[in-house]
Amino acid sequence: MALLEVNNLDVRFAVRGGDLKALRKISFSLDKGERLGLVGESGAGKSVAAFSILNLIARPGYIAGGEILFEGKNLAAMSDRELRRIRGNRIAMIFQDPMMTLNPVLTIGTQMIEALKAHRRIGTRAARQIALDRLKQVQIPSPDKRLDQYPHELSGGMRQRVIIAIALLLDPEIIIADEPTTALDVTIQAEIMALLLELCEQHNVALMLITHDLGVVSQVTQNMLVMYAGRIIEQGPTKEIINDAQHPYTQGLINALPQMGEPGRRLYQIPGAMPSLNRIPTGCPFHPRCQFATDLCKQEMPEYVTSGNVDVACHEVRKLIEEEQQQREMTS
Amino acid sequence: MFVISVISFAIQDGLGDPLRQMVGQSVSDAEREQLREDLGLNDPVIVQYARFAANAVQGDLANSYFYGEPTLDVIMDHLPATLELVIAASLMIVCLSIPIGVYAAIRPRAWLSKFFMGVSTVGISIPVFLTAIVLIQLFSIGVTVDWFPADTGWGTWLNDLLSTDGGMPSYGRGQDLTHLFGTWDSNFFSWDGLLHLMLPAVSLASIMLPLFIRLIRAEMMEVLQSDYIRYAQAKGISPWRINFLHALKNTMLPVITVGGVQIGIMVAYTILTETVFQWPGVGLMFLEAITRSDIPLIVAYLMVVGLIFVITNTVVDLVYGLVNPTVKLTGKKA
Amino acid sequence: MTTATANASRWSRFRESFLWYSFKRDKVAIVSFVVFVLIAAAAFLAPLLAPHDPYDLATINIMNSELPPVWMDGSDPSFPLGTDAQGRDLLSTILYGTRVSLLIGFGAVILQSALGILFGLLAGYLGGRVDSILMRIADVQLSFSTLMVAIIVGAVFKASFGNLMFGEIAIYLLILIIGIAEWPQIARTVRASVLAEKKKEYVDAAKVMGYRTNRIMFRHILPNTLSPIFVIGTVQIANAIISEAALSFLGLGMPETQPSLGSLIKSGFDYIQSGSWWITLIPGLVLVVLVLVINLLGDWLRDVMNPRLYKG
């Protein structure tokens, strides 16, 4: 059994004039110690997916259907009290912007110790010792002093280190990192990412890495999901997808990456832009931007087909696979 | 302070002739002129101001024409009453506005929150003297309701429910005062004193209360949207701690700034409350001074009120610096 | 184009505007508006509607003093809301009083808008020393609270004009007093939006085209700062009416011979201990309703015109 299994998760935003579908039938799973990448343009629903796992979507968002099984228990159906025992303790989160994530009027120490105390029967002194220990692990200089400092006295990189330390405080099974480095200076992005990966490996923590940086995903994750307009359109082992993307959108994303060895080439751009939630096109949501789109794509939402170890939601891919199969049958 | 002193002094010129009030009609012109000379009222304006400023620096704001004693003493006699009124009203505001504002922010859809917000909108529209009058009618004079048939059980019950006994004191500070020090007699230490304090303090609090509730609610709702609140939730912290530590501490920062200024402004409103309740504080004294053209007293009052504003602002800055770690006490942002 | 079609198109443009649309959807705004129009109409038609003329001393009989409203014992049907301590019909006095209150409210807001717009524009557009002097005055005034300033100015006026004289021109003086006391509110708003507008390209364009400062300030910037002025102005009418009532209540406002709502409440307050609650509470109720509907309209206007709340 997978550590985390999300089945047909539907998330909606209740607004005037009906619900907006932010996530549509999302399914994936995460094993112990696995590293899973979640990619897509901004607005694809990556962050909503991350927050909905801990049932933390802000109003007016709500989980409209599906289940989130963590060790077999459905988080979507849990009471607040039960959920709180899992949040931070078993599943920790790292937010995008370290400048906004720490409470400006509480010291680093307070914010670390309260997390420990919320989940364990532990004295302040012992909690402080653990906090100190974790700060050392994330290589913060003079950690003892940091505990009594306020967030504004630390740089952005420092703060994200603190947040990583907080995520590791209670030895969680899963860390969900929502674009952990985008808000940082380019020069320290790699450093922080390396630190995060190293610590996850050390503590055998499963990592769900949300990013729009395909490069990072291809280097560090075993499996990946590609999201578009609230749907997963392709998922499977990272290597297979990067080497041989099936969905036209994923192909576009990969082609848009600057390639080594081909200096001077103009970068590819997927034409058009992600639709906003209130005007998602009928049929396959990607069809207005897809060069292979047919009439079928405009009318019908594609089901998943399996190609190798990869699941893809695309009519054209299905057609290709079916044709291949027919050929194989004919030849055999 | 300098600005205030100039303004206060300028008022002297406008406020008419104090002699008419002081001596009446029976005094001869010569005597009158002599008195003017004694009081220095015939000197040029600049000379008068210089004398005024020099004395003011030494804490001497001249004698009151009416009381015939130094104005500062007169004010000191009346100031404790006003301060107690302001303190009592501020306490009520703090004790009520924070829980109500926080509640309305946490549960914006609950009918109780809507009720509070509705009441505070209406509250803003009621002038303070009217609140005071209604309070007097209800709790001091009493209201007898006989709209419902008295021969039925529910009718009697409703009549009793809606009727009030009255009897609350609504005039002055009462007799049972506790002497603290100097001119300070306190209402806080006896039942009778507290009863006398009740209605004036409630009506004074009623001006600012709706304002504070709205302010706290708006700020708190904004804070609750912020990332660090969601992060605290993601850490599995209890809602109680999130609301009352993480959110409230951030909410109070702007509230302290605005609130300090408002408490200063409340001093101005004591003029109205004290008039209605005949509360012997500086507000009532000021109004009487105006009707008596007691210029030195008016000027001294303005100076003292100006000083109170300066003090409250300084205290607010200090408190803000203590609560907000991002502000160094020197006033620079770190 | 004839004027008729011009008016028609203006009317239809108004009907299609967001203002009208959101008005139609907001029940509170509609009710407030209707109540306000009713009160205002009743007040301005007071000479036609009122059963008695409270200014005409000949019709007043002191024997009729302190009669209760009709639903209580001992009332006289010709005085539907009872009479005050001098035997004046309370309904008529209230109608006339509301008229005075509204006049002062609107007059004071017009005056303070004029002052506030002028000083706000000057401070915001010219900046520098003009700005710091004007805003320093505004700050001092605001920290003293407008009520205190109004009381002081009122006291000065009353002392320099004498009681009788003051009573005769009280309406104009009160407009002046409240206008002077409240202008900083508007000036600050105007200054803030002027500072925001000043940075925009069209101002540079106007400068490049060589327009004079006056023209740029009044013809180019001012129209773009009108909507916050409108919102503040509405709330300020309510504030002015309350201020007037407060001043009158302190005896620094309208004389009893020509009462406003505030001085009615004051004169009634002297008799509340003897049980004649209606003299003070009925005008009080009218005052509260009037101020409340204006405030509600102001709230609604703010919601409509504030682009931050525009969406959603």
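Q: Two residues are in contact if their C-beta atoms, placed from the backbone, lie within 7 Å; which residues does Ile122(A) touch, not counting residues up to four places away in sequence?
A: Ile122(A) touches Leu116(A), Lys117(A) and Ala127(A). This is a predicted model, in which local features need pLDDT of at least 70 and side-chain atom pairs count only at pLDDT 80 or more, while totals for chains, interfaces and linings use all residues. Residues are numbered from 1 along each chain as its sequence is written, and chains are lettered from A and ligands numbered from 1 in the order in which they are written.

Q: What makes Ile122(A) count as partly exposed?
A: A residue is buried if 20 or more other C-beta atoms, placed from the backbone, lie within 10 Å of its own, exposed if 12 or fewer, and partly exposed in between. Ile122(A) has 14 C-beta neighbours inside 10 Å, so it counts as partly exposed. Ile122(A) lies in the loop between helix 4 (108–119) and helix 5 (124–137) of chain A, where helices (H or I, at least four residues) and strands (E, at least two) are DSSP runs numbered from the N terminus.

Q: Why is helix 11 of chain B called roughly antiparallel to helix 13 of chain B?
A: Helix 11 (residues 239–277) and helix 13 (residues 295–323) of chain B pack at about 165°, with their axes 9 Å apart; axes are lines fitted to C-alpha atoms, for helices over the stretch in contact, and angles run from 0 to 180 degrees between N-to-C directions. Angles under 35 degrees count as roughly parallel, over 145 as roughly antiparallel, 65 to 115 as roughly perpendicular and the rest as oblique, and the angle therefore makes this pair roughly antiparallel. Among the residues that make the contact are Met252(B), Ile256(B) and Gly260(B) of helix 11 of chain B, together with Phe309(B), Val316(B) and Tyr320(B) of helix 13 of chain B.

Q: What makes helix 12 (residues 282–291) of chain B largely enclosed by the rest of the structure?
A: Eight of its ten residues are buried, which is why helix 12 of chain B is described as largely enclosed. Its buried residues include Val282(B), Leu284(B), Phe286(B) and Ile290(B). Just after helix 12 of chain B, Ser293(B) takes a positive phi of about 55°. For chain B as a whole, buried residues make up 38% of the 334 residues.
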